[in-house]
Amino acid sequence: ESGDAPCYWKFRQYEPWEDPARGSIPISWCVGAATADVVPDVLAWYYSQATPNDYFYSALSGAGYMNPMAGYGTAYRDAAAVFDDFLTLTGATMKRLDLDIASIYTVPHTQLDRAEVDRVMQRYARKIPGLKAIAPSMGRNEGDTGDNANYTLAGTDVSIFHVLTRWDAQKVGREWKRENREFLIDDIKRHAPTQRPGFMHCMALSWTYYPTDLAVVAETLGDEYRFVSLGELDTLLRQARQ
């Protein structure tokens with residue numbers, strides 16, 4: 001969730017990326033559009049080092065880090081045109097970086113107005129050619145469950161998967177490895193879909209979880225759960241709907 005900042009890729013991202021377990025399980029890494037322009041050589045290095053289990057998608061909330069539900073562009077005379085231009089720029093950058101899944105920011109751990117969120121996501125779907133899916137939010141919102149988190153956005157062919165996990169805000173960082181692993185394992189079990197096959201978008205806070213931690217989580221959860229990238233999740237969801 002932190003790849004939206006170009007400086008993150010230049011500095012902080014290197015540590016979890018160099019974790020020895022990277023590549024052993026699928027992990028999706030978000031890429032901020034400005035990274036391609038501000039530090040293109042740095043981003044090119046990460047792309048060149050990626051394994052088949054490293055998946056890139058567009059960071060919150062496209063060409064710039066913002067909350068699209070908070071009146072983006074309303075300081076200007078034509079807010080709709082400003083937002084549309086933002087989305088056009090987002091689509092162009094995603095195409096340059098070979099990205100077809102986007103994430104958008106919604107305030108995590110709160111109650112969302114689903115109708116309003118869907119209305120905003122429909123604007124993304126209309127303005128970004130080739131967009132396959134949108135992953136809203138950073139942490140599970142109130143009322144989101146394994147049974148209502150995944151759907152096809154009305155009037156489009158775009159998949160939506162709301163995130164279904166959270167993180168322990170009292171234990172952010174690497175010093176609580178065991179506690180945070182246990183927290184995520186329990187959160188996944190408690191919020192997994194009740195029906196099978198079930199599909200679940202999980203977010204692991206990058207300041208807390210490294211690939212080694214996620215490998216332990218996957219091993220502990222066992223064969224009932226299979227880790228996939230966001231791209232694979234979209235493919236599987238589409239197959240299940242047929």
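Is His109 buried, partly exposed or exposed? Select His109 in this predicted model and show the surface: the residue is partly exposed, with a relative accessible area of 27%. That value falls in the partly exposed class because buried means under 20% and exposed means over 50%.

Stay on His109 and look at the backbone. Its phi is near 65°, a positive value in a residue other than glycine. Most residues other than glycine have a negative phi. To place His109, trace the loop between strand E3 (101-104) and helix H6 (114-127).

Next, select Ser137. This residue is not a glycine either, yet its phi is positive, at about 75°. Ser137 lies in the loop that runs between strand E4 (133-136) and strand E5 (150-152). With the surface still on, Ser137 counts as buried, at 6% relative accessibility.

Now turn to the peptide bonds. Most peptide bonds are trans. Ser61 sits in the loop between strand E2 (54-58) and helix H5 (79-96).

For the last stop, select Arg196 and Pro197. The peptide bond joining Arg196 and Pro197 is cis, and its omega is about 0°. Pro197 belongs to the loop between helix H7 (177-191) and helix H8 (211-221). Display the backbone atoms of Arg196 and Pro197 to view the cis bond.

Definitions and conventions. Residues numbered from 1 in each chain as written. Predicted model: local features only at pLDDT ≥ 70, side-chain atom pairs only at ≥ 80, totals over all residues. Heavy atoms only, no water. Helix = DSSP H or I, 4+ residues; strand = E, 2+ residues; numbered from the N terminus. Buried < 20%, exposed > 50% of the residue type's maximum accessible area, 1.4 Å probe, protein only.
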